[in-house]
Amino acid sequence: MNATATQPSRPASPRRVSAAIVTGTALEYFDFFLYSAMAALVIGPTFFPSSNSVASTMASLATFGVGYLARPFAGLIFGIIGDKFGRRTVLTWSLVLMGVSSGLIGLIPSYATIGIAAPILLVLLRIVQGVGAGAEFSSAIAAAYEFATPKRRGRLGSLPTLGVNLGVFAASLVVAGLALLGNDFFFSWGWRIPFVLSFVLAGVGYLIRLKLPETPEFLDLRPDQARRSWPRVLADLFRSDWRGVVIVFIVYTGYALVATLWKTFALSYLTEFQHVGPSVSTFGVTLASLFAIIWTPLCGRLCDAVPIRWVLAIGGVLVIAYSVPFFWLLDTRSPIWIWVALILGTGFLAPLLSVATSPFMARQFSTNIRVTGIGVGKETSGAVGGGLGPVVALALVGSAAAPSTLGVSVLFAIGGALFVIAAWGGRTVAPAVSLTESHTPARTGTES
């Protein structure tokens, strides 16, 4: 048993666990989606002014990608911290990193005021924001998985996704509301308000996370399993569970690709190529997020009733089938059909795949390397699929003689195919705890 288990601890009540995971993740992704929406709408002209609006938007989306590129390092570093010192430690401090960096973004003067220093500061804070996000979700997935019984892992596994959608809903509602107050107000200083509010939200989330106890599975680890050196954690990961890293990389590349195309690229596409105002597109994301909040718990129950690999495989096929109709709906320029398009993608398919992906990724690893494994595989794939996806998609549309979305539909189809591949290659049972150079019998795997 881990030495931490001998210390007095509060009982892990379901309400406390649910509140800590959902609230913290919601606050974290309020900040993260807030930046992605602003990158598509206002970051470009404010920090990267250009006579070419498409080039300006691509530069702002590149800063969105920078946050993803920082996440693999965060996934590795904070993954090891989570496997050495506990999930609670990482979940608490990830909020501080995200909240402070987001608040400071709202205080950066524009390019017109301080010149090149403005985009430099933006990129630096975006990197810190990416580190906070990279630290958050892997530990939240591991905590939800380890607090749950085998028959309820879908339902508890839906908590991080529910938190994400609550955060996206709140952020998109705020952005849409600010946009309705007029372009002059929104583009001058109104967009800064929700960023500065992040200081307060992070403080609230930090206090809530302090009440989260450590997971039973982590407390059950032997002292030598928790006291391992950093290189030893990596050795245990790549010696026994390299396969899990590959599977997580595949499945989350698919998710990051399709999710950011629905949530970020679609806003840029509507603004730059269909000349649809930000109030329409952001309100569509708001409606989609509201639908997702209702749909996500049902997805958790579905994943407890149906094998997760089937949910992932069928979801991947649906993504492929929707890759072309999605743009048919956007190209109508009708607010109603645009909202339908975003609801089907962001509100229906994305939560279904995210809920199934969470316990699926967790069961690829044993307890002693779970956060590191998820962090390395997930955040590396996020950098590829999420960080590069919107920029590549915008380049494909903008470089064509006549704007065409066929190339982006191919990206969607690739993402859907990755879900199918991962579903049939992943583990159905979590592997036993194993240690490099350890002769102690390992525990048996647990059903997921």
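Which side chains meet in a salt bridge with an N to O distance of 3.8 Å? They are the side chains of Asp236 and Arg232, where a salt bridge is a side-chain nitrogen of Lys or Arg within 4 Å of a carboxyl oxygen of Asp or Glu. This is a predicted model, in which local features need pLDDT of at least 70 and side-chain atom pairs count only at pLDDT 80 or more, while totals for chains, interfaces and linings use all residues. Residues are numbered from 1 along each chain as its sequence is written, and side-chain values use heavy atoms, with hydrogens and water left out.

**Salt bridges**

- The structure holds nine salt bridges, and one of them, between Asp236 and Arg232, lies within helix α12 (residues 230–240), where the two residues are four residues apart, about one turn of the helix.
- Helices here (H or I, at least four residues) are DSSP runs, numbered from the N terminus.
- Asp236 counts as buried at 0% relative accessibility, whereas Arg232 is partly exposed at 25%; buried means under 20% relative accessible area, exposed over 50%, and partly exposed in between, with a 1.4 Å probe and protein chains only.
- Arg155 forms a salt bridge with Asp304, and the closest N and O atoms of this pair are 2.9 Å apart.
- Because Arg155 lies in helix α7 (residues 153–180) and Asp304 in helix α14 (residues 278–305), the pair ties together parts that are 149 residues apart in sequence.
- Arg155 is partly exposed, with 25% relative accessibility, and Asp304 is also partly exposed, with 26%.
- Arg370 forms a salt bridge with Glu217, with the closest N and O atoms 3.2 Å apart.
- Arg370 lies in helix α18 and Glu217 in helix α10 (residues 216–219), so this pair ties together parts that are 153 residues apart in sequence.
- Arg370 is buried, with a relative accessible area of 1%, and Glu217 counts as buried at 14% relative accessibility.
- Arg370 and Glu217 also belong to a network of salt bridges that links them with Asp83, Arg87, Glu146 and Arg153.

**Packing of helices α13 and α18**

- Two packed helices are described by the angle between their axes and the distance between the axes.
- The axes of helix α13 (residues 242–272) and helix α18 (residues 370–399) come within 7 Å and cross at roughly 35 degrees; axes are lines fitted to C-alpha atoms, for helices over the stretch in contact, and angles run from 0 to 180 degrees between N-to-C directions.
- By class, the contact of α13 with α18 has 16 nonpolar, 12 polar and one charged residues, where Ala, Val, Leu, Ile, Met, Phe, Trp, Tyr, Cys and Pro count as nonpolar, Asp, Glu, Lys and Arg as charged, and the others, Gly among them, as polar.
- Leu394 is found in helix α18 and is buried, with a relative accessible area of 0%.
- The C-alpha atoms of Leu394 and Thr405, which are 11 residues apart along the chain, are separated by 9.2 Å.

**Nonpolar surface patch**

- Val100, Leu104, Leu107, Val196, Leu197, Phe199, Val200 and Val204 form a nonpolar patch on the surface, with about 630 Å² of accessible area together.
- Patches are made of residues with over 30% relative accessible area and no salt bridge, like charges being joined within 9 Å and nonpolar side chains (Val, Leu, Ile, Met, Phe, Trp, Tyr) within 5 Å, and accessible areas come from the Shrake-Rupley method with a 1.4 Å probe, for which only the protein chains shown count as cover for residues.
- Helices α4 (87–105) and α9 (192–210) each supply at least two residues of the patch, and the largest share, five residues, comes from α9.
- Val204 is found in helix α9 and is partly exposed, with a relative accessible area of 42%.
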